[in-house]
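I opened the notebook today to record, entry by entry, what I looked up in this structure and what I found there.

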Amino acid sequence: MAHRLRPVGVDFVETAPVRLVFAREIAAAPEAVFRSLAEDLAGWSEWFPGVASVRPAGGGREVRLRGGGRFEESVVVARAPELYAYRVDVTNMPGARAWVEEWRLAPAGTGTRVRMTFALDGTAAFRLLWALVRPGVGRAFRDAVAKLDRRLG
């Protein structure tokens with residue numbers, strides 16, 4: 001059953017009760033990484049293993065995960081080539097109350113330092129779940145960004 005989350009802005013990334021932050025340096029330039037995040041929505045499923053599809057919907061994005069998770073999202077910041085952030089407005093994930101994902105891109109030599117932050121709030125069970133899955137989410141991030149780098153190379 002889908003439910004609406006509390007609308008929060010990108011500043012929620014700094015104040016969320018649960019913050020998962022992952023970073024990795026890749027060879028691709030920040031501009032190319034930003035285009036993949038913000039413009040090539042259909043391409044997400046080719047480089048992010050858990051993502052089944054991302055498509056434009058109602059001024060935002062509709063995301064489906066391979067495990068059945070569904071999200072209706074609003075882009076809250078798209079500032080090329082350094083920042084792309086979106087808020088989950090509606091999801092079928094139980095216990096979620098507020099959710100923002102932020103991608104920060106910074107030059108690193110001739111490549112990019114990619115930092116992704118999951119900023120989350122929810123029930124106690126939801127927060128505990130994210131603490132437990134943190135290592136797997138970090139691995140998925142690192143694998144996805146490496147695959148994106150190969151795709152862009």
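Which helix gives the most to the positive patch? I kept in mind from the start that this is a predicted model, and I found that helix α4, which covers residues 124-152, gives the most, with four residues.

**Entry on the positive patch.** I then looked up the members, and I noted R24, R66, R139, R142, K147 and R150, which gather on the surface in a patch of positive charge. I wrote down R150 as exposed because its relative accessible area is 60%, and exposed means over 50%.

**Entry on the nonpolar patch.** I looked next for nonpolar side chains on the surface, and I found a patch formed by L128, L129, L132 and V133, which together have about 360 Å² of accessible area. One of them, V133, also lies in helix α4. I put V133 down as partly exposed, since its relative accessibility is 30% and the partly exposed class lies between the buried limit of 20% and the exposed limit of 50%.

**Entry on F34.** Is F34 buried or exposed? I located F34 in helix α2, residues 30-38, and I recorded F34 as buried because its relative accessibility is 6%, where buried means under 20%.

I placed P81 in the loop that runs between β5 (70-79) and β6 (83-91).

**Entry on G59.** Where is G59 found? I traced G59 to the loop between β3 (51-57) and β4 (60-65), and I counted G59 as exposed because its relative accessibility is 84%, with over 50% being the cut-off for that word. Last, I looked up G59 together with V75, and I noted that they are 16 residues apart along the chain while their C-alpha atoms are separated by 8.5 Å.

Notes
Residues are numbered from 1 along each chain as its sequence is written. This is a predicted model: local features need pLDDT of at least 70, side-chain atom pairs count only at pLDDT 80 or more; totals for chains, interfaces and linings use all residues. Side-chain values use heavy atoms; hydrogens and water are left out. Patches are made of residues with over 30% relative accessible area and no salt bridge: like charges are joined within 9 Å, nonpolar side chains (Val, Leu, Ile, Met, Phe, Trp, Tyr) within 5 Å. Accessible areas come from the Shrake-Rupley method with a 1.4 Å probe; for residues, only the protein chains shown count as cover. A salt bridge is a side-chain nitrogen of Lys or Arg within 4 Å of a carboxyl oxygen of Asp or Glu. Lys and Arg count as positive and Asp and Glu as negative; His and the chain ends are not counted. The place of a charge is taken as NZ of Lys, CZ of Arg, CG of Asp or CD of Glu. Helices (H or I, at least four residues) and strands (E, at least two) are DSSP runs, numbered from the N terminus. Buried means under 20% relative accessible area, exposed over 50%, partly exposed in between (1.4 Å probe, protein chains only).
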